[in-house]
Amino acid sequence: MPKPRKTLVLLDQTPYYHCVSRCVRRAFLCGFDTLSGKSYEHRRQWIIDRMKLLAEIFAIDICAYTVMSNHYHVILHVDTQTATSWSEQQVIDRWQHLFSLPVIVQRYLAREPLSRVERDAVTELTTKWRMRLQEISWFMRCLNEPIARQANQEDGCTGRYWEGRFKSQALLDEKALAACMAYVDLNPIRAGLAETPEQSEYTSINERVHQFKKNSDHSERPSTPDGLLPFAGYPREDRPKGIPFRLKDYLQLVDWTGRAILENKRGSISQHAPPILDRLQLDTKHWLYITQHFESRFKGMVGACHALKAACKKLNFRRTPNLGAVSELLN
C-alpha cells in the first residue's frame, strides 16, 4: 500500500528527493505517437520551462532532470533556510504568481486598515503559504496540473494526463545523490536515444555540458545553466550552497558511465574509473548496475545502512526497506 507523502519527506535527514511522473498508460503523450503519427515532442520543453519557473518561485532547487516521451525524472533540493528568510511580502508575491489572492490579502497589499483578527488571518495565510512553497507535493502539483490542462486543451479532450501519484525517493547521502543523478541524466542513453550525454535532449546533463564548454577557462566554478542548482565542490566549512561535488568530476563520471553502459559487454569495464568513485567508496561494477537499475532496485528511501535505519526509526517503520540492496551496492 502506498505510504502518505509526509512519511517520505524527512527534511532533517536530507534535502534531496528524486521524483518521477508518468503519463497515463505510459502513452507517448510527450513524444511521437506511432499510432496517430502525431509528434508531441514540444511538450517536453513545456515541462522544462514550467519546472524552471517553479524553481524561481519555490524554495526548491533542481539538481537534475530528464524529460522522456512518456515520463520525466527530476531531483529536487529543498532549501528550508531560504524559505524561512522570506518576509511576509515576499511570500505573498511568490504565491500570487501561482494562485489568486484572497480578498483579505488584497486589502492588506492595498494598505487598507485591518482589524486585529483580519491581520492575524493574513499572518496565518502567509505562514501556510511559506510551508507550501517548500513542499515537494505542492511543487509537483503546480508542475503537473498546468501541463495536463495545456495538453488536454491542445488535444481537445478531458481526463487524466498523468498517473494519480508521482513517485518520490529520499536520497539520504552523497552516494545515493550521485547515483540517482547519474541514473536520471543517463536515461536517454540507456533507452538508446543518444550515444553521449551532450546529445541527450531535454536533460540537465545536456545543459551542463554545453554551458561548461562555453567557459573558455574551464574554471573551478563555471557558470551554471539557468534554473539549475550549481555544483559547490567537496564538503568544507565555507562551501557555498550547491551540489556537494565538483562539476568536472561529475561530468567525467557521467561520461565514463555512459560509455560503459553502451559497451554492454561483461568484463568491458574500464580500469580508469573517475576518482570520485574512490571518494564515495563505490565499486565500479556496483556503480554501473545502480545507474542502470536505480528505480527497480531501490524502492523508497536510499542511503547508507546507518542513515536508512535512522530514518526508518524516526518514522516508526516496522521494517527497513532497501536494507539488503543498500548493504550490497552502497556500503
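**Note on helix packing and salt bridges**

1. Thr257 touches Leu186, Trp287, Leu288 and Thr291, leaving aside residues up to four places away in sequence; contact means heavy atoms within 4.5 Å. Thr257 sits in helix 10 (residues 247-263). Helices are DSSP runs (H or I, at least four residues), numbered from the N terminus. Thr257 is buried, at a relative accessible area of 0%. Buried means under 20%, exposed over 50%, partly exposed in between (1.4 Å probe, protein chains only).

2. This is a predicted model: local features need pLDDT of at least 70, side-chain atom pairs count only at pLDDT 80 or more, and totals for chains, interfaces and linings use all residues. Residues are numbered from 1 along each chain as its sequence is written, and side-chain values use heavy atoms, with hydrogens and water left out.

3. The count of salt bridges is 17. The rule asks for a side-chain nitrogen of Lys or Arg within 4 Å of a carboxyl oxygen of Asp or Glu.

4. Glu174 and Arg279 form one of these salt bridges (3.1 Å, N to O). Glu174 belongs to helix 7 (residues 174-185) and Arg279 to helix 11 (residues 275-279), so the pair ties together parts 105 residues apart in sequence. Glu174 is partly exposed at 23%. Arg279 is partly exposed at 30%.

5. Arg246 pairs with Asp249 in a salt bridge (3.0 Å, N to O). Arg246 is partly exposed at 35%, whereas Asp249 is buried at 6%.

6. Arg259 and Asp255 form a salt bridge, with the closest N and O atoms 2.9 Å apart. They are 4 residues apart in helix 10, so about one helical turn separates them.

Definitions and conventions
Helices (H or I, at least four residues) and strands (E, at least two) are DSSP runs, numbered from the N terminus.
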